[in-house]
Amino acid sequence: MSLISDMANQLVSLVLRLVFGLFALVFALSLLAAGLIAVFFMLLRSLLTGRKPAPVMVWQRYRDASRASSERWTNRTKPPGTPGPSGAPTARGARPASADVEDVTPRDIPPH
């Protein structure tokens, strides 16, 4: 009698494993299909509007921020007198002067 019940238990266990494995496969494939559909519509929208997709913009901002941060930290470790981006030596912590800076004449703002 135990031989039959052991075989029935193994058969039920095998069937349940196959069913749950099939459910997991269907779930994974549906997630993949949903992701592909989302990417397709993002690309279609970017082609129609002429703008870059939002994930691309976020990635570019992250990359720019990472690059700026690494430049800031690597510039801090340079000894004083090391040539900066313009080729002129800079003091530690000092920023190179920009030619774009303009003085503004102050004016009073009338109250409402």
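Biologist: What does the secondary structure of the protein chain come to?
Modeller: Two helices and zero strands. Helices (H or I, at least four residues) and strands (E, at least two) are DSSP runs, numbered from the N terminus. This is a predicted model, so local features need pLDDT of at least 70, side-chain atom pairs count only at pLDDT 80 or more, and totals for chains, interfaces and linings use all residues. Residues are numbered from 1 along each chain as its sequence is written, and side-chain values use heavy atoms, leaving out hydrogens and water.

Biologist: How much of the chain is buried?
Modeller: Buried residues are 2% of the 112 residues. Buried means under 20% relative accessible area, exposed over 50%, partly exposed in between (1.4 Å probe, protein chains only).

Biologist: And what is the accessible surface of the chain?
Modeller: About 10800 Å², with 67% belonging to carbon and sulfur atoms. Areas come from the Shrake-Rupley method with a 1.4 Å probe; for residues, only the protein chains shown count as cover.

Biologist: Which residues form the nonpolar patch on the surface?
Modeller: Leu11, Val12, Val15, Leu16, Val19, Phe20 and Phe23, with about 670 Å² of accessible area together. Patches take residues with over 30% relative accessible area and no salt bridge; like charges are joined within 9 Å, nonpolar side chains (Val, Leu, Ile, Met, Phe, Trp, Tyr) within 5 Å.

Biologist: Where is Phe20 found?
Modeller: In helix α1, residues 2-49. Phe20 is exposed, at 54% relative accessible area.

Biologist: Switching topic. How many salt bridges does a search of the whole structure find?
Modeller: One. The side chains of Asp64 and Arg67 meet at 3.5 Å, N to O. The criterion is a side-chain nitrogen of Lys or Arg within 4 Å of a carboxyl oxygen of Asp or Glu.

Biologist: Where do Asp64 and Arg67 lie?
Modeller: Both are in helix α2 (residues 54-76), three residues apart, about one turn of the helix. Asp64 is partly exposed at 42% relative accessible area. Arg67 is also partly exposed, at 42%.

Biologist: Which residues line the second largest pocket?
Modeller: Met42, Arg45, Ser46, Thr49, Arg51, Lys52, Pro53 and Ala54. The largest share, four residues, comes from α1. A pocket is an open set of points on a 1 Å grid over the protein atoms alone, where a 1.4 Å probe fits, with protein on both sides within 12 Å along at least five of seven lines; lining residues have an atom within 4 Å of a point.

Biologist: What about Ala54, buried or exposed?
Modeller: Exposed, at 53% relative accessible area. Ala54 is found in helix α2. The C-alpha atoms of Ala54 and Met42 are separated by 8.3 Å, with the residues twelve apart along the chain.
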